[in-house]
Amino acid sequence: MNSARSYKPTDPLSDVFSLLDIHAGRCTRFEAGGAWALRFPAKPALKFGAVLKGECWFILPETEPARVVAGDAFLLANAPSYMLANDPQKAPEDGIALFDWAHSDVAHHGGDDTVLVAGAFAFESAAAELLLDALPIFMRIPGDQPSALMMRETLAILDQDIRGGAMGASLVVRRLAEVLLVQVLRAYASGAGEAGPGWVAALADLKVGQALRLLHGDVAHRWTVDELARAVGMSRSGFATRFKERVGLPPLDYLLHWRMELGRDFLRRDEPVAKVARRLGYASESAFANAFKRVHGTAPKRYWRVPRAENP
């Protein structure tokens, strides 16, 4: 193998976003004063929130309450039911039933000492676990992080359009929410440190992030752990250990799962199995079929023949 081969690094986060076809749902503003505590149901998706004014506590079951203050942002990934409160000892009210969310994107509760904006995201692809499984349930992005300044500017425009109802406001809100999600994920990755495995946080690791970009840049290449280790300037054993610690999977297992997610997406777009196999670097259709079945539990030809609406 020619060790001087040139690879085109790419952006794994953009790759996954493109595959997921992620888009923002509704965005809302919440204003509260006095003593309050609200309970919200589980959110089996991705949701962001940010504190524009004041402070409150974010409370998940069996965890210590997390204080969030003006300037802070947070993400929820497949979160169980949770509470927002400025008084954690107060009995919580139902945060959905208490307000007329059906007719307004702004909720008022006794004043505006504390103001938050929030939004949720929907995914068109069953590959959503690529993102959700890479994130902790709750991520707080402190307002004093360097990246928080850019988020504050986005939040200010987002909040203005949520409240203003100007021409095209709903479109602007959706697009800004998507931009904000990327900004929050960037901030999380840059500050995650040893927060736990997951490729999003791993992107900030100089060596592992470079390896991820190489894998995404040439997914059809027959990568080996030795080659990746050389490319990032590490020993084979040191690289393999570090990659698994940061990402949660060994390098070639990660590559296999990413290929199979791409394969599933290609099949959903009606590409023939033989063409998909070639695109993903498999020497034969049967080699690709075996890998696909191992990851997804069904043969690609069977998946391809099922009507699209029935495929995840």
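The following legends describe an overview and several close-up views of a predicted model.

**Figure 1. Overview of the predicted protein model.** The protein contains 12 helices and 11 strands. Of its 312 residues, 48% are buried. The exposed surface comes to about 15100 Å², with 52% of it supplied by carbon and sulfur atoms.

**Figure 2. Strand β6 and its pairing with β3 and β11.** Strand β6 spans residues 73–79 and is mostly covered, with 6 of its 7 residues buried. Strand β3 (residues 43–53) pairs with β6 in the antiparallel sense over 6 bridges. Within this pairing, Lys47 has Leu76 of β6 as its bridge partner. Strand β11 (residues 138–141) also pairs with β6 in the antiparallel sense, over 4 bridges. Here Ala73 stands opposite Ile141 of β11.

**Figure 3. The salt bridge between Glu55 and Arg67.** The closest N and O atoms of Glu55 and Arg67 are 2.9 Å apart. Because Glu55 belongs to strand β4 (residues 55–59) and Arg67 to strand β5 (residues 66–69), the pair ties together parts that are 12 residues apart in sequence. Glu55 is partly exposed, at a relative accessible area of 37%. Arg67 is likewise partly exposed, at 43%.

**Figure 4. The salt bridge between Arg242 and Asp205.** The side chains of Arg242 and Asp205 meet at 3.2 Å, N to O. This pair links distant parts of the chain, 37 residues apart: Arg242 is in helix α8 (residues 236–247), and Asp205 is in the loop between α5 (199–202) and α6 (206–217). Asp205 has a relative accessible area of 10% and is buried, whereas Arg242, at 26% relative accessibility, counts as partly exposed. The cut-off applied here is that buried means under 20% relative accessible area.

**Figure 5. The salt bridge between Arg268 and Asp265 within helix α9.** In this salt bridge, the closest N and O atoms of Arg268 and Asp265 are 3.6 Å apart. Both residues lie in helix α9 (residues 251–268), where a spacing of 3 residues places them about one turn of the helix apart. Asp265 counts as buried, at 9% relative accessibility.

**Figure 6. A network of salt bridges.** The linked residues are Arg29, Glu31, Asp159 and Arg163. In the whole structure, a search finds 15 salt bridges.

Note on methods
Residues numbered from 1 in each chain as written. Predicted model: local features only at pLDDT ≥ 70, side-chain atom pairs only at ≥ 80, totals over all residues. Heavy atoms only, no water. Helix = DSSP H or I, 4+ residues; strand = E, 2+ residues; numbered from the N terminus. Buried < 20%, exposed > 50% of the residue type's maximum accessible area, 1.4 Å probe, protein only. Areas by Shrake-Rupley, 256 points an atom, 1.4 Å probe, with all protein chains shown as cover. Pairing = 2+ DSSP bridges. Salt bridge = Lys/Arg side-chain N within 4 Å of Asp/Glu carboxyl O.
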